[in-house]
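Open the model in your viewer and have the selection tool ready. Each stop below says what to select and what is there.

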Amino acid sequence: MKPLTEPEIRTAFVNCTKGEAKRLAVPRGLADRPWDALDFLGWRDPQAPGRAYLATELDGRTRAVALRSPAPAPWQARRSMCSVCLTPHAGGVSLMVAPKAGTAGQRGNSVGTYICSDLECSLYVRGRKDPAGGARIHESLTLEEKIQRIEGNVATFLAKVVA
Ligand SMILES: [Zn+2]
């Protein structure tokens, strides 16, 4: 993806107030991120582990969403495959919940999905990072097809947040 700057990220949030978008934790060292290998930028707030964020380009526009990652209930701990990149993990997948944009979000509506806890789907798919304790499933998809799958799943998720 195209490298993003902090102001670009802050103005791209679709599901939080302008004030929240101004204050939330944007990672340092953005210029050093491996942008060529990223389908989206995902990060967690180091001061608040229950908060995570995701930014990507959709239809030529930068879009970012704020996510909540509630502590998993015991039955959730068994869930072990990311719904975005389909990487299996031993305990490395988190339920991430995004308040919906606009009035739907103000009424408390949200959208949830299971994502790699570190939000580094792009790196797992490219073999630049190995899932802890997980086994790579053999798939006949090419890398290009897996990348398209990530883009498609993220786009579907964002569409539900904005809808
Ligand atoms: Zn993933």
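Two residues are in contact if their C-beta atoms, placed from the backbone, lie within 7 Å. By that rule, residues 24 or more positions apart account for 61% of the contacts in the protein chain with a separation of 6 or more.

This is a predicted model, in which local features need pLDDT of at least 70, side-chain atom pairs count only at pLDDT 80 or more, and totals for chains, interfaces and linings use all residues. Residues are numbered from 1 along each chain as its sequence is written.

**Whole chain.** Helices (H or I, at least four residues) and strands (E, at least two) are DSSP runs, numbered from the N terminus. Along the sequence their pattern is α-α-β-β-β-β-α-β-α-α. The radius of gyration, taken over C-alpha atoms, is 15 Å, close to the 15 Å that the globule rule gives for 163 residues, so the chain is as compact as a globular protein of that length. The globule rule is 2.2 Å times the number of residues to the power 0.38. The C-alpha trace spans about 45 × 35 × 30 Å along its principal axes.

**First hairpin.** Select residues 41-45 (β1) and 48-58 (β2), which run antiparallel and are joined by five bridges. Two strands pair if DSSP finds at least two bridges between them. Two residues lie between β1 and β2 in this hairpin. Now pick Trp 43; its bridge partner in β2 is Tyr 53.

Leu 58 stands opposite Arg 61 in β3. In the turn of this hairpin, Asp 59 has a positive phi of about 50°.

**Core.** Which residues have the most contacts inside the largest nonpolar core? They are Val 65 and Cys 121, in a core of 35 residues. A nonpolar core is a set of buried Ala, Val, Leu, Ile, Met, Phe, Trp, Tyr and Cys residues joined through C-beta atoms within 7 Å. Select α5 (143-162), which gives the most to this core, with five residues. Then select Val 65: leaving aside neighbours within four places in sequence, its contacts include Leu 54, Ala 98 and Leu 158.

**Last stop.** Select Ala 31, in the loop between α2 (18-23) and β1. Is Ala 31 buried or exposed? A residue is buried if 20 or more other C-beta atoms lie within 10 Å of its own, exposed if 12 or fewer, and partly exposed in between, with C-beta atoms placed from the backbone. Ala 31 counts as exposed because it has 8 C-beta neighbours inside 10 Å.
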